[in-house]
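Here is a short report on a two-chain model. Have the sequence and the 3D view open as you read.

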Number of protein chains: 2
Amino acid sequence: MGARAGIVVTGTEVLTGRVTDRNGPWLAEQLRRLGLDVGQVVVVGDRPEDLHSALAYLSATNDLVLTSGGLGPTADDLTAQVVGDFCGRASAVDEELADRIGAIVDRLMARRGWARGGRDQEAATREGTRKQARVPAGALVLEPVGTAPGLVVPPAQGDGPPVVVLPGPPTELQAMWPAALAAAPVRAVLDRAEELRQDTLRLWGTPEFALAATLRRVDDQLAGLEITTCLRDGELEIVTRYAPAAGAAYQRLVDAVRADFGGTLVSEGPDGDTLLAAALGSRGLTVATAESCTGGQLVARLIDRPGASAWVPGGVVSYSNTAKQELLGVSAQTLATVGAVSPEVARQLADGARSRFGADVGIGVTGIAGPGGGSPDKPVGTVHLCAVGPDGVLTRSLVVPGDRAAFRKRTVTVGMHLLRSLLLGGPPA
Amino acid sequence: MGARAGIVVTGTEVLTGRVTDRNGPWLAEQLRRLGLDVGQVVVVGDRPEDLHSALAYLSATNDLVLTSGGLGPTADDLTAQVVGDFCGRASAVDEELADRIGAIVDRLMARRGWARGGRDQEAATREGTRKQARVPAGALVLEPVGTAPGLVVPPAQGDGPPVVVLPGPPTELQAMWPAALAAAPVRAVLDRAEELRQDTLRLWGTPEFALAATLRRVDDQLAGLEITTCLRDGELEIVTRYAPAAGAAYQRLVDAVRADFGGTLVSEGPDGDTLLAAALGSRGLTVATAESCTGGQLVARLIDRPGASAWVPGGVVSYSNTAKQELLGVSAQTLATVGAVSPEVARQLADGARSRFGADVGIGVTGIAGPGGGSPDKPVGTVHLCAVGPDGVLTRSLVVPGDRAAFRKRTVTVGMHLLRSLLLGGPPA
């Protein structure tokens, strides 16, 4: 590998899980595309000593270190100061920068109609602005996108990696990224980067131990590949990173997986959602949903993609039986005889979604997410799905393990595979 | 602080963001409740040297180290071996454990109808099982929940923290947790833990720099508080951790925030979703949704809570104008004159949701998530919301910044606040 990078994500809110970190994965993917290998992401709370030790840890093995967060006006935002100290550079207020940040804050306050609260509050606000304008000597300032400037801080002694300091809000961080890449100390590291390919195989229905056996059998043909297998909501992903020289070895891996698991190999490239969107788009088909237990997560996943309004007219979430009857035309007699959680109702939901929205394809989902509502006949986790389209009908009934959140995610994935299988063939859902 | 813990999350899939880590936050919260302070979470890929250096980093400052993931049957799963090496304990196959894992694998294969693929595949499967049964000498085995056993590994020399090794799938990790806590080396650390309180204040509409000014002004009264402020989809959270002795200082913080920002203080305890669910439950009210641009995410969030079927009969996602008319009774004339993205249509959506589902409260959302579909009059990010209930009608129109995903999350949060404000009063949405 040519060059490595490490990432520090700061913020007690991320450490405790109240906020899901989006910056670490985003930065890791950007760096990978640039040929930089990311080996570690460290999440630390808002304590200077923890941030300092994280910088020391990552600097020992990386050519570039990046931080996100901790650049706000409150006292717990201390990244710039700690990075400056770590790099051996004293910090001082950049008066011109303070003026520029002050102007931004004034504009924001005016736009929100926010009044300054009197002289004390005014002085405290100005102090917050000046805090955000403290810059380590010799650091390069990346102009603020929100109110916080970023920094590129070279080591004072010249024997450590440069540290790129970026703001926490993902939109600010991403908008500032091109300026960070253009900084000379960062460019010098990127010049040493080497191409690193990443390809993905996706299986649906193969247990991990079966794949493990295959990988073990052909292990001596796979030199130069860094293979990761990952199970997610029932999908088994094989992600491989390799230098261009190992391209032939990667082809041997693909051949072995195809030979042993061709029947469950969903894709050798794009994920199932992308394949499904492309199939709907190229055939000019639309799809509508009728959900109970997944409560809107299936239609939300279909609509995740920009442009989805072209292929998703909409969906109904029908928790109550009345709603199933009135909005989707489910038969009262069916509900009375076999119950709402049944293959028959899944089929009527799919038909109802299709006809109510005038869609080409309809999908119905009914089940018991729990923790309550189960019975000996229909335990928590029972779910029935049905997809109806111009090419036919597919149904799937199963009992999904796990808690309410896991049930809903897994069931949505089964629903996406039911649609994929209906429209594209391949492994059944 | 009495005792500290550090967490290593392994897996290239987490490092690259294909899978969102759920274990780090879950473990951090469990440990905090037990009085253990978590300072760092490190995410590393599937490379032994990176895992080894993460263990060294965390062992230097913590009394307990926990790992999640890397216990599967594939060659990239190497946590048990590396932890054993790090703790100075040689690993060997535990034959009885291998037999127990083999029996689990046989049961899984039978249940899935999965055939072993011939003698080579059979031998490779057995090798995977034996790999999972390799245990460092002197380590305590936590019985498998899936196929992977967990471990509690004390240091060979007695001068480092014990390492708790847990599986990656969250359901397995959580099911194994009580056994990990019962292990003697873990109990010994927990005995040194001290109570650490965590309380949260939530503001809606206060900019962070205004809060920063207040905190700065009263800073000398807040000794002993570790205050974190965090902005999330427009909500400003103040999370404070403190020892019981600093209880009076925390009360001073609450008083200062209440004095300066009483008008935007949503809650001094539970989050808005919890308050809303309690309000609906105690008044016996139901709520139904009609969404376009949020595409099911609003109803999905309402249904996140167990028991939601008692207060959410359902919702409609109506992307197309036809669906808005036919399923929700939006007027064709209104659509023709003011367009689908308008306060008038938001109101008709709310009324339609309320009447179609026979709900007490209806909420309608219509807007432009982008990236396409904007115009000079109605730029991308334009959104109108309306909530109608027994206590009246509330509307909100705004332009939400950010990309499609950020728009949808932020708009769902505004919708939840519109419902909270309608049912509970307090700050407007």
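The sections below go from the whole chain to the chain contact, then to single elements.

## Basis of the model

This is a predicted model: local features need pLDDT of at least 70, side-chain atom pairs count only at pLDDT 80 or more, and totals for chains, interfaces and linings use all residues. Residues are numbered from 1 along each chain as its sequence is written, while chains are lettered from A and ligands numbered from 1 in the order in which they are written.

## Chain A overall

Chain A has 16 helices and 17 strands. Both are DSSP runs numbered from the N terminus: helices are H or I with at least four residues, strands are E with at least two. The C-alpha trace of chain A spans about 75 × 65 × 40 Å along its principal axes.

Of the 429 residues in chain A, 53% are buried. Buried means 20 or more other C-beta atoms within 10 Å of the residue's own; exposed means 12 or fewer; partly exposed lies in between; C-beta atoms are placed from the backbone. Take contacts in chain A between residues at least 6 apart in sequence: 66% join residues at least 24 apart. A contact puts two C-beta atoms, placed from the backbone, within 7 Å.

## Where the chains meet

In the interface, 95 residues of chain A are in contact with 95 residues of chain B. Helix α9 (residues 208-217) of chain A gives the most to chain A's side, with nine residues. By class, that side has 42 nonpolar, 33 polar and 20 charged residues. Ala, Val, Leu, Ile, Met, Phe, Trp, Tyr, Cys and Pro count as nonpolar; Asp, Glu, Lys and Arg count as charged; the others, Gly among them, count as polar.

## The sheet across both chains

Ten strands form an open sheet with mixed pairing, in the order β17(A)-β16(A)-β15(A)-β13(A)-β14(A)-β14(B)-β13(B)-β15(B)-β16(B)-β17(B). Strands pair if DSSP finds at least two bridges between them. The edge strands are β17 (392-399) of chain A and β17 (392-399) of chain B. The twist averages 10 degrees from one strand to the next. Axes are lines fitted to C-alpha atoms, for helices over the stretch in contact, and angles run from 0 to 180 degrees between N-to-C directions.

β14 (residues 314-318) of chain A pairs antiparallel with β14 (residues 314-318) of chain B over five bridges. There A:Val316 stands opposite B:Val316. β13 (residues 287-291) of chain A pairs with β14(A) in the parallel sense over four bridges, and A:Ala288 has A:Gly314 as its bridge partner. Helix α13 (residues 321-328) of chain A lies across β13 and β14 of chain A and β14 of chain B, at about 150 degrees to β14(A).

## Helix α7

Helix α7 (residues 170-182) of chain A has 13 residues and should span 18 Å at 1.5 Å a residue; its end C-alpha atoms are 19 Å apart, which agrees. The expected span is 1.5 Å times one less than the number of residues. The buried residues of α7(A) are A:Glu172, A:Leu173, A:Met176 and A:Ala180.

## A hairpin

β10 (residues 225-232) of chain A has six of its eight residues buried. Eight bridges join β10(A) to β11 (residues 235-242) of chain A, and the two run antiparallel. A:Leu231 has A:Leu236 as its bridge partner in β11(A). Two residues lie between the strands of this hairpin, where A:Asp233 takes a positive phi near 50 degrees.
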